Amino acid sequence: MKVVLWAVIAAAIVLWVMRTRRLTDDVPSSPGRHADSETTEKIEQCVHCGVYLPSSECVTDTNGRFYCSDAHRRAADA
């Protein structure tokens, strides 16, 4: 009976260690872990309507203000 009890305790410890090791492997070690594979882009806000979009999709005027479309840039000039 003693041997069975110790075997159950040992099995429980082994399972607990395996579970905690698996859970810690799933969590990224740092927030920037995947930053190397992905490129980040600055987000800008349209001066006219306030919508947010990536800077590569923005239209700018001569003063460097950002717009979501050419129509909003022209509407701001008028």
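Does E44 count as buried or exposed, and at what relative accessibility? E44 counts as buried, because its relative accessibility is 12%. Buried means under 20% relative accessible area, exposed means over 50%, and partly exposed lies in between (1.4 Å probe, protein chains only).

This is a predicted model, in which local features need pLDDT of at least 70, side-chain atom pairs count only at pLDDT 80 or more, and totals for chains, interfaces and linings use all residues. Residues are numbered from 1 along each chain as its sequence is written, and side-chain values use heavy atoms, with hydrogens and water left out.

**Overall layout**

- The protein has two helices and four strands. Both kinds of element are DSSP runs, numbered from the N terminus: helices are H or I with at least four residues, strands are E with at least two.
- Starting at the N terminus, the order is α-β-β-β-β-α.
- The protein has 78 residues, and 8% of them count as buried.
- Contact means heavy atoms within 4.5 Å. Among contacts between residues at least 6 apart in sequence, 6% join residues at least 24 apart.

**Around E44**

- E44 sits in strand β1 (residues 43-45).
- Leaving out residues up to four places away in sequence, E44 touches V51, Y52, L53, S55, C58 and F66.
- E44 also forms a salt bridge with K42, with the closest N and O atoms 3.8 Å apart. K42 counts as exposed, because its relative accessibility is 57%.

**Salt bridges**

- Side chains of opposite charge can pair when their charged atoms come close.
- A salt bridge here is a side-chain nitrogen of Lys or Arg within 4 Å of a carboxyl oxygen of Asp or Glu. The structure holds four of them.
- D70, R73 and R74 are linked in a network of salt bridges.
- R73 pairs with D70, the closest N and O atoms being 2.6 Å apart. Both residues lie in helix α2 (residues 70-77), three residues apart, about one turn of the helix.
- R74 pairs with D70 too, the closest N and O atoms being 2.6 Å apart. R74 and D70 are four residues apart in helix α2, so about one helical turn separates them.
- D70 is partly exposed at 31% relative accessible area. R73 is partly exposed at 21%, and R74 is partly exposed at 47%.

**Surface**

- The protein exposes about 6700 Å², and carbon and sulfur atoms supply 59% of it. Accessible areas come from the Shrake-Rupley method with a 1.4 Å probe; for residues, only the protein chains shown count as cover.
- L5, W6, I9, I13, W16 and V17 make a nonpolar surface patch of about 650 Å². Patches take residues with over 30% relative accessible area and no salt bridge, joining like charges within 9 Å and nonpolar side chains (Val, Leu, Ile, Met, Phe, Trp, Tyr) within 5 Å.
- V17 lies in helix α1 (residues 2-26). V17 is partly exposed, because its relative accessible area is 34%.
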